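Keep the 3D view open as you read.

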Amino acid sequence: MATTITITGAGGQIGYALLFRIAAGDLLGAEEHVRLRLLEIPQGVKSAEGAALELQDGAFALLDDVEVTDSADTAFDGCDLALLVGARPRGPGMERGDLLAANAGIFGPQGRAIAENAAPGVRVTVVGNPANTNALIAASAADGVPAERFSALTRLDENRARAQLAAALEAPVASIRNVPIWGNHSATQFPDVSHATIDGRPVRDALAERVGDVPSWLEDTFIPRVAKRGAEIIDVRGSSSVASAANAAIGHARDWVRGTEGWTSAGVVSHGEYGVPEGLVSSFPVESVDGQWRIVEGLEIDAWSRARIDASVAELVAEREAVRELL
Ligand code: NAD
Ligand code: LMR
């Protein structure tokens, strides 16, 4: 039986970068057939319809069916996996939190439509910014759907962090593991190398041989580079990340469904782990086991890391306060 995947904002940039890879089997693998439901606002329907024509022309063996709609009830009918991408992107000089006013209103109605129409085991990945708080809004509105079925994309930050480490260490990116992102998908995020390894050896030891003063390099070079990479992309390309975002969303959803070897990062609902207030959608080191995200527990957090995690979590608390009437 085919898996029904709903993509909101499917007529936009990330939508276009996602659709063909999903149809080609990059998300669910080469055996699993998919049915695509493309949700757009009325102004975006033509663009999504154009993508649907091209999907047909791709003659994808795994693609059973494509439907374009501006009705959330239709789009989420029988949905197994949802990628909530449809939202305004930021422009130069903006922080992602500045999008809250424009985008927060999208996620309550979509959460409700998911609760009313989706398949019982639905899993929802929120990409539209600010992703953590939008996931919180959608989860709160989805009566009867466990909050654990909603997660926010911070995999792009993790990929960026691993790629920066690989460049600094002149090593293949695949050799670098366990680089979790903590907190918000924002400039306050904490990309954490404390537990990271390169070919099984601590990354910190390898960095000491390359960059000398590791704490200064982390503080002055690595963390700002990763945390502000979204703004750098906007600066250089004139609009926000697209293909790397789609790639991260596919990696996130694929791991959620198919499981992980080792850790990755995702914004998931806190039950108080690592002192993060209950109910916030915060990024943590996670594993995917039996189709569910599990926060990696018991990691030692030093005082410097603690302060950084706390700062990002404080921003999430402030975002939650700002949307209190939607929760
Ligand atoms: P885009 O403007 O190209 O596309 C957004 C699409 O969403 C548009 O086609 C628009 O019509 C549609 N849309 C708007 N409101 C909608 C609604 N209520 N229902 C359905 N569709 C709706 O933008 P993009 O570059 O594709 O980015 C989309 C979002 O993803 C932005 O908020 C961006 O900031 C965010 N983003 C997040 C990450 C991440 O790592 N979490 C990475 C990159 C981009
Ligand atoms: C990113 O990290 O590239 C996205 O969240 C887009 C942005 O606004 O930075």
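## Buried spots, helix pairs and cores

Gly291 counts as buried, because its relative accessibility is 18% and the cut-off for buried is under 20%. Bear in mind from the start that this is a predicted model. You will find Gly291 in the loop between E13 and E14. Leaving aside neighbours within four places in sequence, Gly291 is in contact with Arg123, Trp256 and Val257. Arg254 is 37 residues away from Gly291 in sequence, and the two C-alpha atoms are 9.9 Å apart in space.

Trp256 gives us a handy bridge to the next residue. Trp256 also touches Thr125, together with Ala82, Leu83, Leu84, Ser151, His252 and Ala253, again not counting residues up to four places away in sequence. Thr125 sits in strand E5, which covers residues 123-126. With a relative accessibility of 1%, Thr125 counts as buried.

Pro130 lies in the loop between E5 and H5, and the peptide bond leading from Asn129 to Pro130 is cis, with omega near -5 degrees.

Is Thr133 buried or exposed? At 2% relative accessibility, Thr133 counts as buried. Beyond four places in sequence, Thr133 touches Leu100, Leu316, Glu319 and Val323. Pro89 and Thr133 are 44 residues apart in sequence, and 15 Å separates their C-alpha atoms.

### Two helix pairs

Thr133 is also part of a helix contact: in H5, Thr133, Asn134, Ile137, Ala138 and Ala141 meet Leu100, Asn103, Ala104, Phe107, Gly108, Gly111 and Arg112 in H4. By class, the residues of this contact of H4 with H5 divide into six nonpolar, five polar and one charged.

Another pair to look at is H1 with H10. On the H1 side are Ile14, Ala17, Leu18, Arg21 and Ile22, and they meet Ala243, Ala245, Ala246, Asn247, Ala249 and Ile250 in H10. Here the contact has nine nonpolar residues, one polar and one charged.

The table sets out the geometry of the two pairs.

| Helix pair | Axes come within | Crossing angle |
|---|---|---|
| H4 (residues 100-117) and H5 | 7 Å | roughly 30 degrees |
| H1 (residues 13-23) and H10 (residues 243-258) | 8 Å | roughly 45 degrees |

How do these angles read in words? H4 and H5 are roughly parallel to each other, because angles under 35 degrees count as such. H1 and H10, on the other hand, are oblique to each other. As for handedness, the crossing of H4 and H5 is right-handed, and H1 passes H10 in a right-handed crossing.

### The nonpolar cores

Which residues have the most contacts inside the largest nonpolar core? They are Leu165, Ile176, Val203, Leu207, Phe222 and Phe284, in a core of 38 residues. Several elements each supply at least two residues of this core, among them helix H6 (155-169), helix H7 (203-211), helix H8 (214-227), strand E13 (281-289) and helix H11 (303-322). H8 gives the most, with six residues.

Not counting residues up to four places away in sequence, Phe222 touches Ala161, Gln164, Leu165, Pro191, Val193 and Trp217. A second, separate core has 30 residues, including Leu18, Leu27, Leu28 and Val242.

### Two positive phi angles

Let's finish with two backbone details in loops. Glu170 lies in the loop between H6 and strand E7 (176-177). Although Glu170 is not a glycine, its phi is positive, at about 45 degrees. Tyr274, in the loop between E12 and E13, likewise has a positive phi in a residue other than glycine, near 50 degrees.

Are these residues buried or exposed? Glu170 counts as exposed, since its relative accessibility is 65%. Tyr274 is buried, with a relative accessible area of 14%.

Technical notes. Residues are numbered from 1 along each chain as its sequence is written. Chains are lettered from A and ligands numbered from 1 in the order in which they are written. This is a predicted model: local features need pLDDT of at least 70, side-chain atom pairs count only at pLDDT 80 or more; totals for chains, interfaces and linings use all residues. Side-chain values use heavy atoms; hydrogens and water are left out. A nonpolar core is a set of buried Ala, Val, Leu, Ile, Met, Phe, Trp, Tyr and Cys residues joined through side-chain atoms within 4.5 Å. Buried means under 20% relative accessible area, exposed over 50%, partly exposed in between (1.4 Å probe, protein chains only). Helices (H or I, at least four residues) and strands (E, at least two) are DSSP runs, numbered from the N terminus. Contact means heavy atoms within 4.5 Å. Axes are lines fitted to C-alpha atoms, for helices over the stretch in contact, and angles run from 0 to 180 degrees between N-to-C directions. Angles under 35 degrees count as roughly parallel, over 145 as roughly antiparallel, 65 to 115 as roughly perpendicular and the rest as oblique. A crossing is left-handed if the near helix is turned anticlockwise from the far one by less than a right angle, and right-handed if clockwise. Ala, Val, Leu, Ile, Met, Phe, Trp, Tyr, Cys and Pro count as nonpolar, Asp, Glu, Lys and Arg as charged, and the others, Gly among them, as polar.
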